[in-house]
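Here is a short report on packing inside one protein. Look at the structure first, then read on.

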Amino acid sequence: MSNIRVTYSGLISFAITLVTVFTGLGFMIIVTRILSTQEYGTWGLINSLLAYGVIFVAIPGFWLLRETARELKSEKTGVASSVIWSALGILIYLLMVITLTPQTDVDLTILLFAVILVPANILQRIISAINLGWKPQLSSYGILVSEILKVPLALLFVYYMDFGIMGVIISLFLAMLSSTVFQIIIARERLQGCIKFSIIKKWFKLSWVAMYPKISFLLYNSDVLIFTIITGTVELVAYYIAALVIANIVSYSAEIATSVSPKLLGGGKETVIIKNLTYAIYFAAPLLSLSIIFSEAGLIVLNPVYKAAALVVVFLSFRMLFRSFGGIFESYLVGVETVDIKKNATINDYLKSKLFTIPTFRIIQYSVYLLILSIVLISTISIMSEIELVIIWSVISMIIHLPLFIYLILKVRNTFEIKFETMSVLKYIIVGFCTFGFLSLLVDKFLILSEKLVEIIPNILLFVSIGIGLYVLITYIIDSNVKNLLNGIVEEFARRKRG
């Protein structure tokens, strides 16, 4: 597995992710412009409930990534086992819906219909885990298929046929199904042989290894549930979810690191993380700046009703920065963990490994987050305005990610004992600050915040192009890493064109 090209696969993933920024924005514009705040808040709640429905896919996903990277031939069994995980997931999802609905103003019919997303999501994640462990860029191609298709599907079912939130669910179901079929086709050479129930038995036996880290995932996605239960409505959730759409742009910088973990699992050299992290920071600087500068404009594009949540975007942007890079550092640490390939590994060995210590910190982090959020909401719900409650929510969400982020930085430095490219990173930060500081002045003076899409979108794209163009040009001139990266991209395209 050491033949994985980390930078190449990472750049493919990042490039595709940039494409999905536009397709995702197109999809969200259709959704947010047509759905009411009640419906859009319901959609945010559905996404939170789906976290419970797909939790069991953590078991095959965990082992398929590691076993595919190590050429252990369990891929066909993994795909076949999706029936088991889907059945369990549907049961959990329905139990959550039945428990939650009486306490909120949500339409039960919509929540029940959304159950179709559970098996579709599970199968897509299984085949993605296989491709991620084999050729990481193939998983990115699958994402691209889904992202491209969901825009015309949303136009058909949400805009033209006016199915409302039901149309959103149908659109995503068909998009995920298409992505899954595409990935199965391109991974068919990995799906040879027979189904081995001994592998499924092993996965069940060691399910606690894969499931334990996902407890933090459930806690992380439970804030929407808690906010909905305490406030009794999903309308405020709509503002938070809309702000998260803009802030989530920051997380795309982490896509450059998608292939590092399978590279390390397959025996790759630990030094690959140096360049990888440098490039991740290079992309993060402009994305963070853009999400903050265009916080209000971005919300107006989605729907002018959400522009009051511009400050929420700022706090959530930093949250996504801390969370995304925390995820990158975690993938580095887990990628060099070998306890799962020791034949006589004991429970104590697992408990002492990075597979458990890091998730334990995350569980503590998100438990504290939910506790603080609950206390603050209960204490302030009668004295604060609705938008102030959402702002407080975003502030708590940002702050709670910082301690673990710092811990993981220190842990990576101690584990790998390598020197990061500090000078390059400083250049990116300084150039980014100056470039996008100048862009912010231009935006404040010249950007007209029209509510008409045909007027505001071209203006935003013009200013974004100016900012990114200046950033890339200056860093290309003063930093050899950027020069090598961009020249390598040009050479790769030229080589493929000749080939």
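## Rings, core and a helix crossing

Phe227 and Trp393 are both buried. This is a predicted model. The rings of Phe227 and Trp393 count as stacked because their planes are at 15°. Phe227 sits in helix H12 (residues 223-231) and Trp393 in helix H20 (residues 386-416), so their pairing ties together parts 166 residues apart in sequence.

In total, there are 19 aromatic pairs. Two of them are set out here.

| Pair | Distance between centres | Angle between planes | Class |
|---|---|---|---|
| Phe157 and Phe163 | 6.1 Å | 35° | tilted |
| Phe227 and Trp393 | 4.3 Å | 15° | stacked |

Phe157 has 13% relative accessibility, so Phe157 counts as buried. Phe163 has 36%, so Phe163 counts as partly exposed. Elsewhere, Tyr282, Phe283, Tyr428, Phe436 and Tyr471 form one aromatic cluster.

Next comes the core. The largest nonpolar core holds 147 residues. Ile46, Tyr93, Phe294 and Phe325 have the most contacts inside it. Helix H17 (residues 310-335) gives the most to this core, with 13 residues. What does Ile46 contact, leaving aside its neighbours within four places in sequence? The partners are Tyr93, Ile110, Leu111, Ala114, Ile165 and Ile169.

Last, a pair of helices. The axes of H16 (residues 295-302) and H22 (residues 453-478) come within 10 Å and cross at roughly 145°. Their crossing is left-handed. From H16, Ala297, Ile300 and Val301 meet Leu453, Ile456, Ile457 and Ile460 of H22. This contact has 7 nonpolar residues, with no polar and no charged ones.

Notes. Residues numbered from 1 in each chain as written. Predicted model: local features only at pLDDT ≥ 70, side-chain atom pairs only at ≥ 80, totals over all residues. Heavy atoms only, no water. Axes fitted to C-alpha atoms, helices over the stretch in contact; angles between N-to-C directions. Helix = DSSP H or I, 4+ residues; strand = E, 2+ residues; numbered from the N terminus. Left-handed = near helix turned anticlockwise from the far one by under 90°. Contact = heavy atoms within 4.5 Å. Nonpolar A, V, L, I, M, F, W, Y, C, P; charged D, E, K, R; others polar. Core = buried A, V, L, I, M, F, W, Y, C linked by side-chain atoms within 4.5 Å. Buried < 20%, exposed > 50% of the residue type's maximum accessible area, 1.4 Å probe, protein only. Phe/Tyr/Trp six-rings, centres within 6.5 Å; stacked < 30°, edge-to-face > 60°.
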